[in-house]
Amino acid sequence: MAKINPEFLDELKKYGGNDFSACYNCGNCTAICSLSTEDNSFPRMMVRASVVGLEEKVTSSLDPWLCYYCGDCSLYCPRGANPGELMMALRRWLTAKYDWTGLSGLLYKYLPATILAFVLTALAVIGLAIKLNFEMETIMHYGHLFEMFAILGVFMVILTPNLIRMWYLVIFKPKRNIPIAVYFKGIGELFIHMFTQKRTLGCSNSQTRWFEHLILVFGYLTLLFTTVVLDWFGTENFFIIALGYIESAVVFIVTAHFMYSRVNKDKELNKHSQPSDWLFVIWLFLMGFTAFVVRLFIDFDLLAANFWLYLLHITILVQWAVLIVPFGKWTHFLYRSFAMYFSSIIQLSQETKGK
Amino acid sequence: MPETTVIKKQYDALVIGGGIAGGEAALNLANMGFSVVLVEKDLSLGGKMIHLSKVFPTLDCAACITTPKVSETARHPNIKIYTYSEVKNIKKQSDKLFTATVFKKPRYVNEDICTGCEDCENACPVIVEDQYQHDLVGRKAVYIPFSIANPRVANIDMDNCILCGACEKACLAEAIDFTQVIQEIPIEFKAVIVATGYDMFDPKKLPNYGFEQNKNVVTAIQMERQLVPTRPFNSVLRPKDGKMPNNIAYVLCAGSRDETVGNPICSQICCMYSIKQAQLIMGALPMADVTIYYLHIRAFGKGFNEFYQQARSMGVDFVKGKVAKITEKENGNLIVRFEDVYKGKVKEAEHDLVVLSTGILANKGIVELFPGLNLETDPFNYVKQVKELENPSQTSIPGVFVAGTASGPMDIPDSILSAGAASSETASYIRRLS
């Protein structure tokens with residue numbers, strides 16, 4: 001028997017979905033969606049489930065992750081119910097649902113909590129710098145160490161358990177019995193989608209968006225690798241230095257364009273930005289930009305005189321690594337890829353059962 | 001200088017619009033003994049109804065109801081009719097009297113002596129799209145609007161006329177008169193009935209349906225013309241290649257209940273006329289499949305639900321889901337993409353003819369006929385009924401009444417009822433003046 005949560009609608013409104021209760025179930029959104037197929041028809045079912053409070057249906061669904069927000073559903077919705085924005089809100093809500101710490105939900109729902117968290121992390125960094133008497137070498141050494149441990153820690157403590165929770169909610173709890181062999185059979189999908197985001201190409205008029213997003217992901221991941229493993233700030237290798245410049249430039253140029261789009265609201269997906277969207281894109285921009293300038297100052301021997309710049313960079317980095325990556329929008333990188341993976345193994349197991 | 005005195009013609013009531021509502025209201029008033037002036041902007045009386053095939057839910061012949069009414073109106077001694085005319089500058093002279101000017105546009109044909117013999121039509125070398133057949137076929141630049149037009153006299157379409165004079169030579173009655181100009185006729189009257197009707201929604205505003213690009217996507221009114229006794233092809237044919245369709249789809253709520261096109265309200269007639277046409281198609285093309293894609297079937301009137309059930313039992317396929325996209329295949333067939341809402345699945349279906357059940361919109365511009373007076377409209381530009389329950393025909397101007405679809409979407413029986421209400425309210429208003 002289906003369980004109804006009468007507060008579900010109000011809860012979702014805190015995550016950014018506002019107009020969806022206007023829906024009159026015509027199915028125009030599902031039919032106009034270029035990603036929607038006969039086997040995976042969305043978003044109307046999600047709108048319906050959200051309106052009537054079928055929380056479990058949403059929790060066990062992968063539909064929100066299969067949507068790449070081209071915005072056609074909202075553009076052509078005869079009721080102005082904005083299904084695209086609801087799917088975005090559901091992604092935020094699911095991110096909070098998967099997160100075992102509960103911090104995601106807190107940060108999404110309450111802006112003051114987000115601001116407080118950002119201020120506290122900044123104070124912690126500055127406090128540590130004071131304790132270390134602003135010694136550049138030591139702080140940069142700790143900064144580099146932090147990068148390594150933060151990545152490891154966030155993955156082990158937050159993201160991996162959250163992915164297991166996602167698997168539990170989507171596959172285990174709804175009793176979708178999937179043979180172990182199928183998990184291995186479908187693993188390719190996970191990496192294909194993680195590193196190509198090729199599904200975006202199925203959206204209408206999405207080539208530019210896909211390309212920008214792709215080079216941003218590559219720029220970001222390789223920048224991470226260059227700074228953490230290749231020690232970009234400490235290296236003398238010309239090739240690595242140049243690589244880092246290119247990568248950080250890609251990151252801040254693409255994010256600058258994203259910010260410009262959000263300000264101008266030129267596309268349907270840019271019309272309803274929430275604080276979490278702004279934080280994500282601004283912090284990514286700042287990370288790329290400050291990293292670029294820090295390395296520039298190192299090359300021109302200006303960093304010692306302008307040490308505040310490194311402090312600013314490391315503060316942004318800490319906020320990014322301990323707030324946005326584990327609890328914010330960054331996680332969509334993982335959840336989307338895993339959703340594609342789960343979706344394909346569900347389909348594979350159904351096909352094998354069919355045989 | 002000799003003083004020119006303009007003799008203003010006096011009437012009890014002005015009726016704007018000669019459709020079924022305006023005609024009914026004028027006839028009622030005239031039968032009560034009031035003098036009426038009826039102004040119709042089109043070439044013929046009868047409005048939209050005279051072009052329809054059958055009416056729902058009784059399947060009575062629309063023309064058989066309209067034409068006798070139109071003739072009665074046209075021949076009534078108490079009714080003065082101006083067709084192809086527009087009334088402007090309706091002003092209040094006093095609490096008891098309105099004045100206005102009728103602008104009678106030139107037909108370039110003398111109405112009084114034209115016999116409607118069609119000799120001019122046969123002589124005319126110019127062929128253009130026939131608006132009365134909704135562009136399905138052509139007509140000449142000089143033409144009788146349609147076979148059951150009233151008055152049944154010719155008209156020269158000056159936008160397309162090449163002034164060759166062939167019609168003038170062919171006309172035995174010598175009715176062609178290229179010297180006609182707009183006539184201005186001042187009138188006086190005590191009350192007004194606004195029966196200006198509605199406008200059809202323009203399907204080009206729905207880009208995903210590709211009306212015009214997809215040749216076999218037609219509007220319901222085009223389909224209606226193919227089902228009337230005076231139909232152009234004497235059969236139902238699809239426009240692109242003249243093939244007889246055997247798998248027809250109806251797309252409901254095309255331009256109604258849709259905020260993206262600025263018309264969020266229900267047009268109230270599309271469900272029923274589509275169900276009616278589906279039944280007529282089953283008669284005209286017995287082998288054809290008819291599918292109706294609907295959001296909700298609104299069969300709220302007397303006998304409507306039974307009519308809907310009848311269509312279902314005749315084999316019309318009703319599918320719940322709004323059609324989102326129509327794409328044309330190379331052979332002219334159309335792929336319709338929709339979500340089957342009961343199954344929750346996106347589907348695509350192929351049809352060889354798609355009919356858009358287009359909605360109706362308010363006939364804008366009525367407000368400008370009353371300069372200095374404030375004729376209020378509702379948020380959807382229909383004339384506001386200020387006392388919808390006590391005096392449903394009353395508008396914001398004392399002495400101005402509204403009838404039919406000028407006040408909102410409604411079907412034919414409701415329009416006639418509304419016209420009845422408007423005429424009796426007008427009669428009692430005029431009586432109270434004296």
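# Chatting through a two-chain model

Modeller: Chain B has a mean pLDDT of 94, and 98% of its residues reach 70 or more; pLDDT is the predictor's confidence in each residue, from 0 to 100. This is a predicted model, where local features need pLDDT of at least 70, side-chain atom pairs count only at pLDDT 80 or more, and totals for chains, interfaces and linings use all residues. Residues are numbered from 1 along each chain as its sequence is written, while chains are lettered from A and ligands numbered from 1 in the order in which they are written.

Colleague: OK, chain A. How many helices and strands?

Modeller: There are 17 helices and zero strands in chain A. Helices (H or I, at least four residues) and strands (E, at least two) are DSSP runs, numbered from the N terminus.

Colleague: What's the radius of gyration of chain A?

Modeller: It's 22 Å for chain A, close to the 20 Å that the globule rule gives for 355 residues, so chain A is as compact as a globular protein of that length. The radius is taken over C-alpha atoms, and the rule is 2.2 Å times the number of residues to the power 0.38. Those C-alpha atoms of chain A fill a box of roughly 65 × 45 × 35 Å along the principal axes.

Colleague: How much of chain A counts as buried?

Modeller: 42% of the 355 residues. Buried is when 20 or more other C-beta atoms lie within 10 Å of a residue's own, exposed is 12 or fewer, and partly exposed is in between, with C-beta atoms placed from the backbone.

Colleague: How about B:Ala422, buried or exposed?

Modeller: B:Ala422 is buried, because 32 other C-beta atoms lie within 10 Å. B:Ala422 belongs to helix 8 (residues 412-433) of chain B.

Colleague: What domains is chain A given?

Modeller: Domain 1 (8-93) and domain 2 (103-354). Domain bounds come from an automatic or database domain assignment. The centres of domain 1 and domain 2 of chain A are 26 Å apart, taken over C-alpha atoms. Their contact takes 22 residues from domain 1 of chain A and 25 residues from domain 2 of chain A.

Colleague: Which element gives the most on the domain 1 side?

Modeller: Helix 7 of chain A, with four residues. That side of domain 1 of chain A divides into nine nonpolar, seven polar and six charged residues. Here Ala, Val, Leu, Ile, Met, Phe, Trp, Tyr, Cys and Pro count as nonpolar, Asp, Glu, Lys and Arg as charged, and the others, Gly among them, as polar.

Colleague: And how is chain B divided?

Modeller: Into domain 1 (9-104 + 182-197 + 363-433), domain 2 (106-180) and domain 3 (201-360). The contact between domain 1 and domain 2 of chain B takes 14 residues from domain 1 and nine residues from domain 2.

Colleague: How many residues does each chain give where A and B touch?

Modeller: 18 residues come from chain B and 18 residues from chain A. On the chain B side, strand 20 (323-328), strand 21 (334-340) and strand 22 (345-351) give two or more residues. That side of chain B has five nonpolar, four polar and nine charged residues.

Colleague: Last one: how many residues are in the largest nonpolar core?

Modeller: 190 residues, and B:Ala13, B:Leu14, B:Val36 and B:Val192 have the most contacts inside this core. A nonpolar core is a set of buried Ala, Val, Leu, Ile, Met, Phe, Trp, Tyr and Cys residues joined through C-beta atoms within 7 Å. Helix 16 (residues 307-327) of chain A gives the most to the core, with twelve residues.

Notes:
Contact = placed C-beta atoms within 7 Å.
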